[in-house]
Amino acid sequence: RDNDCDDDIDENGCDDSCVGFAFEGHGYVACDTWLTADDARAACESSGMYLAEIDSSDENAALLDHAPSVTDWTTSAEFGPTPGAWIGAIASSDLEDWSWAESGTVFWSGGSAASGVFANWASGKPNNPGGGQTCAGIYVEEGGTGSAGEWNDADCVAQLPYFCEAD
C-alpha cells in the first residue's frame with residue numbers, strides 16, 4: 001500500500017485503520033486508532049511520517065475534509081462533546097509558546113499567533129485548564145466545545161485518533 005501518498009509502496013505502511021491522501025505535494029494519513037500523543041507520534045515515525053503540521057487554512061481544511069472518511073470517530077473526555085484528532089503541536093515548558101514538533105516552527109507566542117504564521121485555536125484556547133495540556137488536536141466535527149477545524153490544547157496522555165504527514 002502507498003499510505004503516505006508518495007507513489008511508492010511503503011515498506012512500513014500504516015495499519016488498516018489509516019486512510020491516506022495527498023495535499024500540495026505532501027502525503028497524509030488519518031488514523032482512527034486511539035493513541036496518546038506520544039504513541040501517535042511514534043506510530044507516524046514508524047511509517048516515516050510525523051504528526052501533521054498545519055501551515056495554512058487550506059491545509060487545515062484538507063485534513064478536516066478527510067477526517068469523516070475515517071470510521072467511528074467518537075468523543076473523548078479530553079475533547080468533551082466534540083471529536084478531535086492529534087496534530088503535531090506542542091507547548092513550551094512555560095506554556096507561552098506553541099510550536100510544531102517536527103519543524104520547531106513557533107506558531108503561537110504570548111497569547112497570539114506568531115507573525116505571518118497560521119494558527120486556528122478554538123475561542124479561548126489554548127487555556128490549559130487544570131494544567132498539563134501541552135499537546136493539541138483538531139476538532140473533526142462541530143460540537144459544544146469547538147467548531148470543526150479549530151484546535152484545542154489537550155493533555156498528551158489522552159487517547160485520540162491522529163493525522164500523520166510526510167514531505
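Predicted model: local features only at pLDDT ≥ 70, side-chain atom pairs only at ≥ 80, totals over all residues.
View 1. The link is right-handed, with 110° about the S-S bond. Here distant parts of the chain are joined: Cys 18 sits in strand β1 (residues 18–23) and Cys 31 in strand β2 (residues 26–35), 13 residues apart. Cys 31 is buried too, at 0% relative accessibility.

**View 2. A disulfide connects Cys 44 with Cys 164.** The two sulfur atoms lie 2.0 Å apart. Because the torsion about the S-S bond is about -80°, this disulfide is left-handed. Cys 44 belongs to helix α1 and Cys 164 to strand β10 (residues 160–166), so parts 120 residues apart in sequence are tied together. Both ends are buried: Cys 44 has a relative accessible area of 0%, and Cys 164 has 1%.

**View 3. Cys 135 pairs with Cys 156.** Look for the S to S distance of 1.9 Å and a right-handed link with 100° about the bond. Cys 135 is in strand β8 (residues 135–139), while Cys 156 is in the loop between β9 (151–154) and β10, 21 residues away. Cys 135 is buried at 3% relative accessibility, as is Cys 156 at 15%.

**View 4. Asp 38 and Arg 41 form the one salt bridge of the structure**. Their closest N and O atoms are 3.1 Å apart. Both residues sit in helix α1 (residues 37–46), three residues apart, so about one helical turn separates them. Arg 41 is buried, with a relative accessible area of 17%.

Technical notes: Residues numbered from 1 in each chain as written. Heavy atoms only, no water. Salt bridge = Lys/Arg side-chain N within 4 Å of Asp/Glu carboxyl O. Helix = DSSP H or I, 4+ residues; strand = E, 2+ residues; numbered from the N terminus. Buried < 20%, exposed > 50% of the residue type's maximum accessible area, 1.4 Å probe, protein only. Disulfide = S-S within 2.5 Å.
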